[in-house]
Amino acid sequence: MSDRRNYRNRRSRDRRSVERRHSYDERTPRDEYSMSEEADQSVSSDGRMRRRKRSKIEKFNFQMQANLLLAFGVVIVLLLILIGVLIKINIKDGSRYAKKVLNQQSYTSAEIPFKRGDITDRNGIVMATSIKVYNLAIDPWYVLNNQDSSKKKYKDAVIDVLVDYFGLDKEEVTNEIEEKGNSRYYILKENVDTELVNGYEEYVKKYQKKNKRTVKGIWFDEEYERRYPLDKVASSVIGFTYDKNMGNWGIEGQYNSTLNGSTGRSFGYYDSELNLERTVKNAEDGNTVVSTIDSMLQKIVENHIDRFNADTGAKNVAVVIANPNNCEILAMASSNGMYDLNNPRDLSFMYSDEEIQAMSSDEKLKILNSVWRNYCISDSYEPGSTYKSFVIAAGLEEGLLKGDETFYCDGKEVVVEGTKPIKCAKRAGHGLITLEQSLMFSCNDALMAIGKMLGRERFAQYQNVFGFGHKTGIDLMGEGTGIVYDESGLNPIELATSSFGQGLNVTMVQMIAAFSSVVNGGYYYEPHVVKQILNSSGAVVEDKEPVLVKKVVSQKTSDMLLTFLKATVEEGTAKHAKVEGYSIGGKTGTAQKLPRGDRKYLVSFIGVAPCENPQMIIYSIVDEPNVDNQAQSRYAQELAANIMKDVFPLMDISQKMELISIIMILTEVIIQMILYQPRNLRNLLQLKHLNHRKHLLLMMVMKKSMNLIHLIRKYRKI
Ligand SMILES: [Zn+2]
């Protein structure tokens, strides 16, 4: 249709220019003559010209002035009328005229949409993609007002095709075309099947041949539609789009410009032979974002959250799994934010139809925003005893603790003379306990003593070092900072309660980053959800290297804390997190929510596995479990244990060191000895290519072997 339209326009323009050329040709001789006459005058007699001017002024009498004034007045009035008309046109019909002007241009220009890049999980499984869809478009004005060479209107043939090929209703489609009779562009049907699009040209050819008619004025508009093949999986990490390519929340929002490409354009114009020439500037497709998320792990986590909610239920349940060695987030979910990405405004997973219908649009938007926000990075809460790990790490790092200290817990501590004593979880007191036991049994009394040893300055300093009170810098929108006391706020009471994780607020992602650093040898990495950017043909554009922010504690501190965490799961308060056959460390938290009198709790567990060579950390939170006695961290522990059971085999987390593993490590040591030839035992233990866990294990194996040799010698003597 545009071809025909442009042809018409071109013809009228050509006609106009021919007319102009014609009149110019007619005018030329006369104009040339008059010009030469004037030139003669000016050159030949200056004096005469001056005289003529003077006589003109003399003749410019009152009558002429009046005429001039009248003419001037008429021109002004006409101008005012013209301005008025223009303003009226602009206000009333501006857009209509703009469209008409566009219609009369002699070239065509059409947008070519780009494909927004995919979001994949760490293994390349597509979590968000854009697929091409076709809309059936028509030019109603052209179809109604034009006819083919045999003088048959296009309308009848077009309606035939729309009914027979696209299956549209004859009466409806006829009405629609007539109603839109002045329009040059109208979408009759969205999302036409690709098969219909592909077969269209052939069908039309046959139809035209058979019926001796021409079909014109129908075409397909291409566009892309965002789809999420895994529906609700990782919804709060992925986010969604609106208005086609505007990312909202999650990776879609954070990496919006990376995912978007640039729109192309096709230009068409008519050459002197009236052939349509086309130039095309291709669209540039967007880049693919590879997430650190493992969709398998994510699904397992979400299934367990669903199961927990079905069995017990809670106000909210949230879980994060990360790699402590670089702080890549492997799975992240909270029960309040597991919505269908293909239908992000659907609240039916939380509310009944009646409830949804009763909502005002403001109410609904408020609820939607609470669903879309990512609890794991945005919301802060009181952590409780999981925080003790960091206080003990600070004490060890400062050399205030060596590991062999003992504390006496009598069940309470009067921090400031004349104030109420602050109680330990065990009211009767833990008695005399070691440093390790203070973590294992989660003793508040011992931790208050450690907090006091650190003092307000160092305590505040370590809170800062571990990143509490600050954003971690995770590559997602809407991160919270939590709230901690600064040095001036850490008066004796606040220092005492902060030491066991009360009176301060943290986010899950802060805990993940800080816990990673204390179990990985002291390296604080920026948590992140994206690991790579690929271009549309799959080549790597950018590797997102893990960002090492700082060294927070020494290897020695980290190693010692790991042994404490392991003991806490083996024999301490985190026994419910045990998974048979695996080496797990961790710490529980049971935080009473404000106001304290309501007896509402947020219980949690943060764990690491395997302790000898940490490969994953898991953090689970159950906010107000649906039970009478909420103050039981076992809800969070069991949830974590159930998830770990399912994910360990997938993550290649090795089981406890059995004979086979020891043989494998010894083989590795022997290979390294051959390769690097250490001169003595000391050098052997410093082999660069063995990590610290394997060193520990190697030392353990050697110690055991020495004992064995010792025993054999003893036996021989006997
Ligand atoms: Zn105690």
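**Two helix pairs**

1. The axes of helix H17 (residues 444–465) and helix H18 (residues 492–499) come within 8 Å of each other and cross at roughly 120°. Helices here are DSSP runs (H or I, at least four residues), numbered from the N terminus. Axes are lines fitted to C-alpha atoms over the stretch in contact, with angles from 0 to 180 degrees between N-to-C directions.

2. This is a predicted model, in which local features need pLDDT of at least 70 and side-chain atom pairs count only at pLDDT 80 or more, while totals for chains, interfaces and linings use all residues. Residues are numbered from 1 along each chain as its sequence is written.

3. H17 and H18 are therefore oblique to each other; angles under 35 degrees count as roughly parallel, over 145 as roughly antiparallel, 65 to 115 as roughly perpendicular and the rest as oblique. H17 passes H18 in a right-handed crossing (the near helix is turned clockwise from the far one by less than a right angle).

4. On the H17 side, the contact involves Leu447, Met448, Ile450, Gly451, Lys452, Arg456 and Phe459, and on the H18 side Leu495, Ala496, Ser498 and Ser499. Residues are in contact if their C-beta atoms, placed from the backbone, lie within 7 Å.

5. The axes of helix H15 (residues 388–397) and helix H19 (residues 508–519) come within 11 Å and cross at roughly 40°. That makes H15 oblique to H19. Ser389, Phe390 and Ala393 of H15 meet Ala514, Phe515 and Val518 of H19.

Terms used: Two residues are in contact if their C-beta atoms, placed from the backbone, lie within 7 Å.
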